[in-house]
Amino acid sequence: MLRVAVPNKGSLSESATTMLREAGYQVRTTSKRLVHRDVDAGIEFFYLRPRDIAVYVGRGLIDLGITGRDLLLESGAEAEELLPLGFARSRFHYAGAEGAFHEIDELEGLTIATSYPTLVERDLRQRGLEARVIKLDGAVEVSIELGVADVIADVVETGTTLRMAGLQTFGEPVLHSEAVVISNRKSNPGTRKFLRRLESVMVARDYVLVDYDIAAEHLAEATALTPGFESPTVSALHDSDWYAVRTMVAARDVHKTMDQLYEVGARAILVTNIGACRI
């Protein structure tokens, strides 16, 4: 069986579980279950702390894992990123008291509090900066007010928590992170199928099916607007002067595309969500 580690709690866990369910896998029904087997799919899910997943994968105990890119790099594990999943996006930033810092070079000689000491120390080395790094397990925002550190380095999603603490980010992000599938160097025949299923979920989320009728004289112009993946499906209608077209369109562009199709003469324009697909 293919062994896959899944975050056991938090927003990362919820989004990963939703994606796995949409990919057709049977997932656990209670948070108390740490191992769940989908016998029909030939897969075992192990529910682990997100910070530990890269360690298990890197040691070859688990074939694949879903975790954050930031957690993978922080772990130092011998695991590699295979597929970005498009959710749990965040930035890793330095932050300090509002208006106190503007450039990352100002970190020289300061004390930095973080839950990601490996990431911070690597970034400082690359920049040729000397600073003291203090590892904290959480709530690093309060460390500045308590005098533990001059600056913090942390994952930022919306920035609300920082603003509430009177802090602001400065400099460019150290890292752009999101949920990713990771693996070790051992091969498993089930890996390709697993990745294909998740890729298909992302396509199904990002695209819709568009059907419309178009007069023969405007067919080329309409299909140029909706080329699909390989090519749109074009079928002759009972009226030989008209055709029916079916194609995939990026969901974010669908209303703009519908307007353009209408302007070139398309009618009966219908949009359908995609439940599942294989590209």
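This is a tour of the structure above, stop by stop, with what to select and what is there.

**Before selecting anything**

The model is predicted, and local features are taken only at pLDDT of at least 70, side-chain atom pairs only at pLDDT 80 or more, while totals for chains, interfaces and linings use all residues. Residues are numbered from 1 along each chain as its sequence is written, and side-chain values use heavy atoms, without hydrogens and water.

**The whole chain**

The protein chain has 9 helices and 15 strands; helices (H or I, at least four residues) and strands (E, at least two) are DSSP runs, numbered from the N terminus. Along the principal axes, the C-alpha atoms fill a box of roughly 80 × 50 × 35 Å. The radius of gyration of the protein chain is 24 Å, whereas a compact globule of 279 residues would have one near 19 Å. That radius is taken over C-alpha atoms, and the globule rule is 2.2 Å times the number of residues to the power 0.38.

Of the 279 residues, 45% are buried. Here buried means under 20% relative accessible area, exposed means over 50%, and partly exposed lies in between (1.4 Å probe, protein chains only). The areas come from the Shrake-Rupley method, and for residues only the protein chains shown count as cover.

**Two long distances**

Select Thr 18 in helix α1 (residues 10-22). Thr 18 is partly exposed, at 33% relative accessible area.

Next select Lys 256, which is found in helix α9 (residues 254-263). Lys 256 is exposed, with a relative accessible area of 56%. From Lys 256 to Tyr 94, 162 residues apart along the chain, the C-alpha atoms are separated by 39 Å.

**Salt bridges**

Side chains of opposite charge can pair when their charged atoms come close. A salt bridge is counted when a side-chain nitrogen of Lys or Arg is within 4 Å of a carboxyl oxygen of Asp or Glu. The count by this rule is 10 salt bridges.

Select Arg 69 and Glu 81 and show their side chains. Their closest N and O atoms are 2.8 Å apart, in a salt bridge. Arg 69 lies in helix α3 (residues 69-75) and Glu 81 in strand β5 (residues 80-84), so the pair ties together parts that are 12 residues apart in sequence. Arg 69 is buried, at 16% relative accessible area, whereas Glu 81 is partly exposed at 33%.

Move to Glu 199 and Arg 192, another salt bridge, with the closest N and O atoms 2.8 Å apart. Glu 199 is partly exposed at 29% relative accessibility, and Arg 192 is partly exposed at 43%. Glu 44 is buried at 9% relative accessibility, and Arg 37 is partly exposed at 48%.

**Surface patches**

Patches are made of residues with over 30% relative accessible area and no salt bridge; like charges are joined within 9 Å, and nonpolar side chains (Val, Leu, Ile, Met, Phe, Trp, Tyr) within 5 Å. Lys and Arg count as positive and Asp and Glu as negative, with His and the chain ends not counted. The place of a charge is NZ of Lys, CZ of Arg, CG of Asp or CD of Glu.

Select Glu 103, Asp 105, Glu 106, Glu 108 and Glu 130: they gather in a patch of negative charge on the surface. Asp 105 sits in the loop between β6 (90-97) and β7 (111-114), and is exposed at 56% relative accessible area.

For a nonpolar patch, select Val 142, Leu 146 and Val 148, which make one of about 260 Å². Val 148 is in the loop between α5 (142-145) and β9 (151-156), and is partly exposed at 37%.

**Positive phi angles**

Most residues other than glycine have a negative phi. Select Ala 88, in the loop between β5 and β6: its phi is positive, near 55 degrees. Ala 88 is partly exposed, at 35% relative accessible area.

End at Ala 139, in the loop between β8 (132-135) and α5. Ala 139 has a positive phi near 50 degrees, and is exposed at 57% relative accessibility.

Notes
Accessible areas come from the Shrake-Rupley method with a 1.4 Å probe; for residues, only the protein chains shown count as cover.
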